[in-house]
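Please keep the sequence and the structure in view while reading.

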Amino acid sequence: MITLRLATENDAPLIVDFMHKLGEFQKMSSSITVSPEKMTTLLYNRDGEAVLAFDDNMPIAFAYFCRHSSAFIGQTSLYIDAFYIEEEYRKQGIGKQIMHFLAHICKERNYARMEWLCLDWNTNAWDFYTHLGAAPFENMTLHRLYGENLEKLQHD
């Protein structure tokens, strides 16, 4: 039986394990630098949250998310930063269960929308999200400033 629950700080090592699996799947393993200690801090401070899926007691999926706001709409939203389902559990409705769980969080917290990024080559995910009724946001590309360039800007 599949069960879902919100993660606690004690789940930080499990979330980090899922992040490494996600990094491998996305061919971005070197980008995953989170440690259990950093994840514990994020969860403890509620800077981020996660929903975990279990088959009996075996962890099989997760979604890491956080709250963000938009000046365009003047409301808060839920941003899904990471989403991973073990390969043998894909296409069994677990992703939809997780999205349903997150949609209920939006309702409970009065969030206006859910948002996430999806790699262009991940056609299975694109099909899944489209089937849910999600639409890609066109005419914009995510830009990211980090590392040395962020430090340089901080000192300019």
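In helix α1, the residues A12, I15, V16, F18, M19, L22 and G23 are buried, where buried means under 20% relative accessible area, exposed means over 50%, and partly exposed lies in between (1.4 Å probe, protein chains only). Seen down the axis of α1, these buried residues fall within an arc of 160°, so they line one face of the helix; the arc is that of the directions from the helix axis to the C-beta atoms. Helix α1 covers residues 12-25, and its 14 residues should span 20 Å at 1.5 Å a residue, which agrees with the 20 Å between its end C-alpha atoms. The expected span is 1.5 Å times one less than the number of residues in the helix. Helices (H or I, at least four residues) and strands (E, at least two) are DSSP runs, numbered from the N terminus.

The model is predicted, so local features need pLDDT of at least 70 and side-chain atom pairs count only at pLDDT 80 or more, while totals for chains, interfaces and linings use all residues. Residues are numbered from 1 along each chain as its sequence is written, and side-chain values use heavy atoms, with hydrogens and water left out.

The loop between α1 and α2 holds K27. The phi of K27 is near 60°, a positive value in a residue other than glycine, and K27 is exposed, with a relative accessible area of 68%. Helix α2 (residues 36-44) includes P36, which is partly exposed at a relative accessible area of 30%. Although P36 and E9 are 27 residues apart in sequence, their C-alpha atoms lie 9.3 Å apart in space.

The strands come next. Strand β2 (residues 49-55) runs antiparallel to strand β3 (residues 58-70), and seven bridges join them; two strands pair if DSSP finds at least two bridges between them. The two strands form a hairpin with two residues between them, and D56 in the turn has a positive phi of about 55°. Strand β3 also pairs in the antiparallel sense with strand β4 (residues 75-85), over 10 bridges. Four residues lie between the strands of this hairpin of β3 and β4, where G74 takes a positive phi near 65°. Which residues stand across from F65? In β3, F65 is the bridge partner of E49, and F65 stands opposite I80 in β4.

Helix α3 (residues 94-109) has 16 residues and reaches 23 Å from its first C-alpha to its last, close to the 22 Å expected at 1.5 Å a residue. Its buried residues are I94, G95, I98, M99, L102, I105 and C106. Viewed down the axis of α3, they fall within an arc of 140°, so they line one face of the helix. The face turned away from this buried side carries the exposed residues H100, K107 and E108.

In the loop between α3 and β5 (114-116) lies N110. Its phi is near 60°, a positive value in a residue other than glycine, and N110 counts as exposed at 60% relative accessibility.

Finally, L153 is found in helix α5 (residues 147-155) and counts as exposed at 52% relative accessibility. Together with L145 and L150, L153 forms a nonpolar patch on the surface, with about 260 Å² of accessible area in total. Accessible areas come from the Shrake-Rupley method with a 1.4 Å probe, and for residues only the protein chains shown count as cover. Patches are made of residues with over 30% relative accessible area and no salt bridge, like charges being joined within 9 Å and nonpolar side chains (Val, Leu, Ile, Met, Phe, Trp, Tyr) within 5 Å; a salt bridge is a side-chain nitrogen of Lys or Arg within 4 Å of a carboxyl oxygen of Asp or Glu.
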